[in-house]
Amino acid sequence: MTTLKKEVTIKSVSLMSGTPSEARLVPSEKKGIRFHFNNETVEAKVENVISTEHCTVIGNPNVQIVLIEHFMAACAICSIDSLDIYLSHFELPILDGASKKWIELFNEAGIEEPETKTYTIIEPTYYINGKTHIVMLPSDKLNITYSVNFNHPQLNHRWVNVSTNFNEVIEARTFGYLKDLEMLQKAGYAHGVNIENTVGLTEDGFTTELKSEMEPAKHKVLDLIGDFYLTGINPINLKAEIIVKEAGHTVHVNFAKKIKPKLIEEK
């Protein structure tokens with residue numbers, strides 16, 4: 001098990017509601033990543049996902065924990081698998097709209113030496129739904145290829161590939177079409193959006209300077225890692241070829257449910 005060396009707290013606005021949100025991260029000797037809010041506890045497991053409409057939401061009949069994917073990706077990249085998170089609001093702080101600030105917080109607290117375990121998938125596994133698909137194949141190392149196709153000159157039929165260097169992935173911010181922002185806010189979403197935490201897609205560019213080429217596509221890889229970690233097996237430790245075409249949280253989570261029983265530890 002790997003946890004933090006000391007308790008730390010961080011606060012920022014939440015992306016969807018725009019409400020201030022504080023997260024207190026407490027080291028744990030019990031394996032699992034658990035979120036606590038209003039005297040309710042929800043473990044970060046794919047079986048506890050209750051919505052993937054705009055982000056990944058876990059919960060039970062009494063509580064929901066909103067937008068966990070960036071935090072879960074940070075835990076995966078830092079190999080953290082044992083932690084209790086106490087929230088002041090049902091939605092996690094958005095911070096930088098990515099995972100870098102979470103990772104900086106983990107490093108500030110100190111991370112215990114992680115266990116080194118690798119996993120593979122027992123057979124080629126596919127998920128196809130219209131134009132969307134995910135393929136996972138056994139391999140001798142992790143390799144992720146993610147294809148996007150947005151109505152944008154720089155993100156139309158483009159792809160990114162990530163294998164071992166996640167530096168540009170962890171800083172890749174969430175994104176969306178600028179033209180949809182007013183509609184989303186009227187529907188109760190995206191009230192915490194600003195140019196620091198979100199890349200807006202305009203007709204021919206972006207609302208803010210990108211941190212790296214194809215930043216929105218790299219954010220999709222970040223989301224994938226966070227969603228896949230809900231299997232309880234760290235995707236960073238997978239020996240697999242993962243190919244994704246035009247997916248989102250719903251497809252990520254459905255595929256995570258499909259592969260969970262097929263992932264095995266290498267001896």
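Leu-67 counts as buried, at 6% relative accessibility; buried means under 20% relative accessible area, exposed over 50%, and partly exposed in between, with a 1.4 Å probe and protein chains only. Leu-67 lies in the loop between β7 and α1. This is a predicted model, in which local features need pLDDT of at least 70, side-chain atom pairs count only at pLDDT 80 or more, and totals for chains, interfaces and linings use all residues. Residues are numbered from 1 along each chain as its sequence is written, and side-chain values use heavy atoms, with hydrogens and water left out.

Helices (H or I, at least four residues) and strands (E, at least two) are DSSP runs, numbered from the N terminus.

**Loops on either side of α1**

- Leu-67 has a phi near 60°, a positive value in a residue other than glycine.
- Ser-79 is found in the loop between α1 and β8.
- The phi of Ser-79 is also positive, near 60°, and Ser-79 is a residue other than glycine.

**Helix α1**

- Eight of the nine residues of α1 are buried, so this helix is largely enclosed by the rest of the structure.
- The buried residues are Glu-69, His-70, Phe-71, Met-72, Ala-73, Ala-74, Cys-75 and Ala-76.

**Where α1 meets α5**

- The axes of α1 and α5 come within 7 Å and cross at roughly 75°.
- Axes are lines fitted to C-alpha atoms, for helices over the stretch in contact, and angles run from 0 to 180 degrees between N-to-C directions.
- The two helices, α1 and α5, are therefore roughly perpendicular to each other.
- Angles under 35 degrees count as roughly parallel, over 145 as roughly antiparallel, 65 to 115 as roughly perpendicular and the rest as oblique.
- From α1, the residues Glu-69, His-70, Met-72, Ala-73 and Ala-76 take part; from α5, they meet His-219, Leu-222, Asp-223, Ile-225, Gly-226 and Asp-227.
- Contact means heavy atoms within 4.5 Å.
- By class, this contact of α1 with α5 has five nonpolar, three polar and three charged residues.
- Ala, Val, Leu, Ile, Met, Phe, Trp, Tyr, Cys and Pro count as nonpolar, Asp, Glu, Lys and Arg as charged, and the others, Gly among them, as polar.

- Glu-215 lies in helix α5.
- Glu-215 counts as buried, at 0% relative accessibility.
- Leaving aside neighbours within four places in sequence, Glu-215 is in contact with Glu-171, Ala-172, Arg-173, Val-199 and Leu-210.

**Aromatic pairs**

- Rings of Phe, Tyr and Trp (its six-membered ring) pair if their centres lie within 6.5 Å; planes under 30 degrees apart count as stacked, over 60 as edge-to-face and the rest as tilted.
- By this rule there are five aromatic pairs.
- Phe-71 and Phe-106 have ring centres 5.8 Å apart and planes at 85°, so this pair is edge-to-face.
- Phe-71 lies in helix α1 (residues 69–77) and Phe-106 in helix α2 (residues 100–109), so the pair ties together parts that are 35 residues apart in sequence.
- Phe-228 and Phe-255 form a stacked pair, 5.8 Å centre to centre, with 25° between the planes.
- This second pair links distant parts of the chain, with Phe-228 in helix α5 (residues 215–228) and Phe-255 in helix α6 (residues 249–259), 27 residues apart.
- Phe-228 counts as buried at 2% relative accessibility, and Phe-255 counts as buried at 0%.
- Ring pairs also link Phe-35, Phe-71, Trp-102 and Phe-106 into a cluster.

**Charges over rings**

- A charge sits over a ring if NZ of Lys or CZ of Arg is within 6 Å of the ring centre and within 35 degrees of the ring normal.
- The charged end of Arg-24 sits over the ring of Tyr-86, 4.6 Å from its centre.
- Tyr-177 has the charged end of Lys-179 over its ring, 4.7 Å from the centre.

**Strands β7 and β8**

- Ile-65 is found in strand β7 (residues 63–66), and counts as buried at 1% relative accessibility.
- Leu-87 is found in strand β8 (residues 82–87), and counts as buried at 10% relative accessibility.
- Ile-65 and Leu-87 are 22 residues apart in sequence and 9.1 Å apart in space, C-alpha to C-alpha.
- Leu-87 and His-36 are 51 residues apart in sequence and 6.1 Å apart in space, C-alpha to C-alpha.
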